Amino acid sequence: MDDHRRFEDLLALRSLGELEPEEELELERHLEGCVRCRDEAEALDLVHDELRGFSVPPPPYLKDRVMADLPLRPRRNWRVPGVVLAAAALLVVLILGGVYAQFLGQTETPASSASLAPTPLAPGASGEVRVEDAGANVRVSLDVSGLPELHPDEYYELWFVEGGERISSGGFTVDDEGSAAVLMNAPAAAERYPSMGITREESSGDPRPSPTKVLGGELQRT
Amino acid sequence: MRDEDGALIRRIATSGDDGALSTLYDRYAGMVYAMGLRLLGDRSLAEDLVQDVFTSVWGKAGSFDPSKASLTTWIYQIARNRSTDLDRRRRARPASAGSEPLVFLAGGEGTHHLAEHLDVAEALSLLSPDHQEVLALAYLKGLSQREIALKIGVPLGTVKSRTASALRAMRRTMLPEGNANG
């Protein structure tokens, strides 16, 4: 091996402090008499300095913040029956493939969230709801699992609830495992309603909620 | 590492795998944060940069084309674009006695021109996957050559040879012959 090639290897490792004592001594002796290698040492030190400053560990809390604030994404494909879309009283927004208003420059502020507990009609079900301000509407992120299988003319519907008043956030169906992760919209007025519920509906055209409540919970301000 | 990065991006794009994003965060957040500190001179804005970049990676994973750029270069470009926006925000802030001072990083001046920082990322992106891997483990993870050898399962002599070769390649790209003084 060419001597300078070998010393260039040693120079590179010297920057990292990875030379054995005898290698360091040999290199220092060589540098005393070699201008070319002294210039190379200077250049490699600059590269080393740039690389050392190239990465600085961010504060540990930052990762938790980044991961917690990621927009929800649908994890499974899901279908909405044509009868739901034909129901004029329902407000349904379906987003698939990772397109979110956040990337279009809109700003959203987390407003409230709710953990949904099952009723006796769906004992194995659970759900999480997150409501965010989005101007004239609120954006609703819903994540459910364990819901019973639906008949072909049925769907589930998410409601904002205050006493006897209801505002629908939209309808959805679930996959074979009773799960769904969906994004919906609702009028901003719904944000004032303190509770949420999910009912099991038939596509009869009646916009009123059925008595078949499967999940419910109280919204907590965040 | 390039193949692993490609697999992680695909998992994010196709199934919204936040575990994959977590792994990419561990690999690249330090690079983005350092860029933020250097270019923006403000820890809060550097944190915003990290958050913006990884939110973009999460949402735009489907648009990453490995035939056009390495993941290092793609993330770097996202960070560069976002840092420009954040820099406008920084400049719009009125100066005050309570402003956080610029951060002085070990190994360099307190501030660097954008072009100088670009050189490091671009030089890294030109390296082979093996070379990128050993430099990433040495400088981003702070592993010794022996630790790197154990981690990637190759002899210590091979790691040293790769590292030396990678550093020489970086030197040739960043400081062409005759420009050792910058």
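Strands here are DSSP runs of type E with at least two residues, numbered from the N terminus. With that in hand, let's start inside chain A of this predicted model, at A:Thr199, which sits in strand S7 (residues 195-202) of chain A.

Is A:Thr199 buried or exposed? Its relative accessibility is 7%, and since buried means under 20%, A:Thr199 counts as buried.

Now let's move to where the two chains meet. Interface size is often expressed as the accessible area lost when the parts come together. Between chain A and chain B, about 4,300 Å² is buried, with carbon and sulfur atoms giving 63% of that area. Chain A brings 40 residues to the contact and chain B brings 50 residues.

Charged and polar pairs also span this interface. Between chain A and chain B there are 6 salt bridges, and A:Lys63 and B:Asp26 meet through their side chains in a salt bridge with an N to O distance of 2.8 Å. Polar contacts across the interface join 13 residue pairs, both partners at pLDDT 80 or more.

Which elements of chain A give two or more residues to the side that touches chain B? They are helix H1 (3-15), helix H3 (35-52) and helix H4 (60-68). H3(A) gives the most, with 12 residues. By residue type, this side of chain A divides into 20 nonpolar, 5 polar and 15 charged.

Technical notes:
Residues numbered from 1 in each chain as written. Chains lettered and ligands numbered in written order. Predicted model: local features only at pLDDT ≥ 70, side-chain atom pairs only at ≥ 80, totals over all residues. Heavy atoms only, no water. Contact = heavy atoms within 4.5 Å. Buried area = accessible area lost by both parts, 1.4 Å probe. Salt bridge = Lys/Arg side-chain N within 4 Å of Asp/Glu carboxyl O. Polar contact = N/O pair within 3.5 Å; in protein donor to acceptor, adjacent residues only side chain to side chain. Helix = DSSP H or I, 4+ residues; strand = E, 2+ residues; numbered from the N terminus. Nonpolar A, V, L, I, M, F, W, Y, C, P; charged D, E, K, R; others polar. Buried < 20%, exposed > 50% of the residue type's maximum accessible area, 1.4 Å probe, protein only.
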